[in-house]
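Me: I would like to learn how to read helix packing. Could we go through it together?

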Amino acid sequence: MSAETPAAEGQFTRRRSQFRAWRGARPFWAGLFVALGGIPIAYFPYANLQIGHLTLAMATTAGAGSLIIGVLLVVLGVSLWFQKHVRVFAGVAAILLALVSIPVSNLGGFLIGFLLALIGGAMAVSWVPGEPPQAEPPLDGRGTGAAPEGVVPGTAVPGTHTPGTPASDAAVPQPRDGGDGGSPTQAFAPLGANDLSGTSPANGANGRHSAG
């Protein structure tokens, strides 16, 4: 008995998920309200109300019309479940039948069927199928912790310093070739390498170069 219980619960969950998916793909509640609205409209003209020893017949001269209106509302409600492409026509027809039932069928089934059919018809007209969810495109590494594009993971990025490592291990920008005088690239050249004035303390001379 206990071995069959998980299987039964799993089947019930699967059936419930299938029903929810089927219900979400069509105007289910609109069809339900329209079908329920047709029942009191068709029933009350043929029903008898018992009050003590007094029997009150609620039949009207248009009893056949009430039956037709009620049956049509039930058919329209079922059509909304299985033929969702006729939802606009079925919704408008349900609203018109609900209005006609007021003078024909005891004020639309004592306003119960009238209100149910009116609300269901309005829901059927306004219902539209939902769009399937679309997959979002990737964010090119942003927010995922990946390395920037074009950088090999594990290598140091110029101009950055990783906490916990010596500052000398960080990459130092190198001068670019072809730089002319006064360009910022000469700031990385050793002191005195391009000094032509002869006043560099590296050669120990002041003034002009000595001859010979």
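Me: What is the handedness of the crossing of α4 and α6?

Reply: This is a predicted model, where local features need pLDDT of at least 70, side-chain atom pairs count only at pLDDT 80 or more, and totals for chains, interfaces and linings use all residues. Residues are numbered from 1 along each chain as its sequence is written, and side-chain values use heavy atoms, leaving out hydrogens and water. A crossing is left-handed if the near helix is turned anticlockwise from the far one by less than a right angle, and right-handed if clockwise. Here α4 and α6 cross in the left-handed sense.

Me: At what angle do helix α4 and helix α6 pack?

Reply: Two packed helices are described by the angle between their axes and the distance between the axes. Helix α4 (residues 87-104) and helix α6 (residues 112-126) pack at about 160°, their axes 8 Å apart. They are therefore roughly antiparallel to each other (an angle over 145 degrees).

Me: Which residues of α6 make the contact with α4?

Reply: Contact means heavy atoms within 4.5 Å. From α6 come F114, A117, L118, G121, A122, A124 and V125, and they meet α4 residues including R87, V88 and I102. By class, this contact of α4 with α6 has 13 nonpolar, three polar and one charged residues.

Me: How do α2 and α3 cross, left-handed or right-handed?

Reply: α2 passes α3 in a left-handed crossing. The axes of helix α2 (residues 28-43) and helix α3 (residues 63-82) come within 7 Å and cross at roughly 165°, which makes α2 roughly antiparallel to α3.

Notes:
Axes are lines fitted to C-alpha atoms, for helices over the stretch in contact, and angles run from 0 to 180 degrees between N-to-C directions. Helices (H or I, at least four residues) and strands (E, at least two) are DSSP runs, numbered from the N terminus. Angles under 35 degrees count as roughly parallel, over 145 as roughly antiparallel, 65 to 115 as roughly perpendicular and the rest as oblique. Ala, Val, Leu, Ile, Met, Phe, Trp, Tyr, Cys and Pro count as nonpolar, Asp, Glu, Lys and Arg as charged, and the others, Gly among them, as polar.
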